[in-house]
Amino acid sequence: MDMLIGEYRNTLDEKGRILFPSKLRAVLQENELVITQGLDHCLMLFTIEEWESLNEKIVGSASLFSAQKSLVMRRFIAPAQKIEFDKTGRLSIPQSLREYASLSGECVVLGINKYMELWDAESYKDYLEKTESSFQQAAESMSDILL
């Protein structure tokens, strides 16, 4: 599978559907994805293959008696759902996940190599503004692998 990359904007319709970017759909080899809660109140989308691999690693390393691992399982694994593209290339975003990410109106889809993120456009703008100084520091900390 090619890399899932790029930033795209589309509108969530009144039924909770979003037209998925054709450039990302072209990379995908299947008609369904797994969607779940992400960090910073965005949603994360994975191919079935990538989700199964990640899920196996998380669940395989989890312990019923580890509060941190249980938290990740409850907040990341439990809310995950399979969703399918309709004939026009739209995805119907489950209501509970729309509420979690405050999705309404304009949305941003980010391709981040092996997974994608779905953001409310205004929330994403706020996130970028709030993390600008942190981004500078993070980029500098990676100077040994960049260029």
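**View 1. Ser63 in the loop between helix 2 and helix 3.** Ser63 has a relative accessible area of 31% and is therefore partly exposed, a class between buried (under 20%) and exposed (over 50%), with a 1.4 Å probe and protein chains only. The model is predicted, so that local features need pLDDT of at least 70 and side-chain atom pairs count only at pLDDT 80 or more, while totals for chains, interfaces and linings use all residues. Residues are numbered from 1 along each chain as its sequence is written, and side-chain values use heavy atoms, without hydrogens and water. Helices (H or I, at least four residues) and strands (E, at least two) are DSSP runs, numbered from the N terminus. Between Ser63 and Glu50, which stand 13 residues apart along the chain, the C-alpha atoms are separated by 22 Å.

**View 2. A patch of negative charge that includes Glu49.** Four residues, Glu30, Glu49, Glu52 and Glu56, gather on the surface in this patch, where members have over 30% relative accessible area and no salt bridge, and like charges are joined within 9 Å (nonpolar side chains, Val, Leu, Ile, Met, Phe, Trp and Tyr, within 5 Å). Asp and Glu count as negative, Lys and Arg as positive, and the charge of Glu is placed at CD. Glu49 belongs to helix 2, which covers residues 48-61, and Glu49 counts as exposed because its relative accessibility is 59%.

**View 3. The aromatic pair of Trp51 and Phe76.** Across the whole structure, a search finds eight aromatic pairs, which are rings of Phe, Tyr and Trp (its six-membered ring) with centres within 6.5 Å, called stacked under 30 degrees, edge-to-face over 60 and tilted otherwise. In the pair shown here, the ring centres of Trp51 and Phe76 lie 5.4 Å apart and the planes meet at 45 degrees, so this pair is tilted. Because Trp51 sits in helix 2 and Phe76 in helix 3 (residues 67-77), the pair ties together parts of the chain that are 25 residues apart in sequence. Both partners are buried, since Trp51 has a relative accessible area of 10% and Phe76 has a relative accessibility of 12%. Trp51 and Phe76 also take part in one aromatic cluster, together with Phe46 and Tyr115.

**View 4. The salt bridge between Glu106 and Arg9, and its network.** The structure holds four salt bridges, each a side-chain nitrogen of Lys or Arg within 4 Å of a carboxyl oxygen of Asp or Glu. In the one between Glu106 and Arg9, the closest N and O atoms are 3.5 Å apart. This pair links distant parts of the chain, as Glu106 is in strand 7 (residues 105-113) and Arg9 in strand 1 (residues 4-12), 97 residues apart. Glu106 is partly exposed, with 41% relative accessible area, and Arg9 is likewise partly exposed, at 43% relative accessibility. Glu7 joins Arg9 and Glu106 in a network of salt bridges.

**View 5. The salt bridges Asp13 with Arg17 and Asp86 with Arg90.** The salt bridge of Asp13 with Arg17 brings their closest N and O atoms to 2.8 Å, and that of Asp86 with Arg90 has an N to O distance of 2.7 Å. In the second pair, Asp86 is partly exposed, at 28% relative accessible area, and Arg90 is partly exposed as well, at 24%.

**View 6. Ser102 and Ser104 in the loop between helix 4 and strand 7.** Ser104, in the loop between helix 4 and strand 7, is partly exposed, with 49% relative accessible area. From C-alpha to C-alpha, Ser104 and Trp119 are 9.6 Å apart in space, and the two are 15 residues apart in sequence.

**View 7. Ile112 and Asn113 in strand 7.** Asn113, a residue of strand 7, has a positive phi of about 70 degrees although it is not a glycine, and it counts as partly exposed at 37% relative accessibility. Ile112 is also found in strand 7 and counts as partly exposed, at 32% relative accessibility. The C-alpha atoms of Ile112 and Glu122 are separated by 19 Å, with the two residues 10 apart along the chain.

How values were computed: Areas by Shrake-Rupley, 256 points an atom, 1.4 Å probe, with all protein chains shown as cover.
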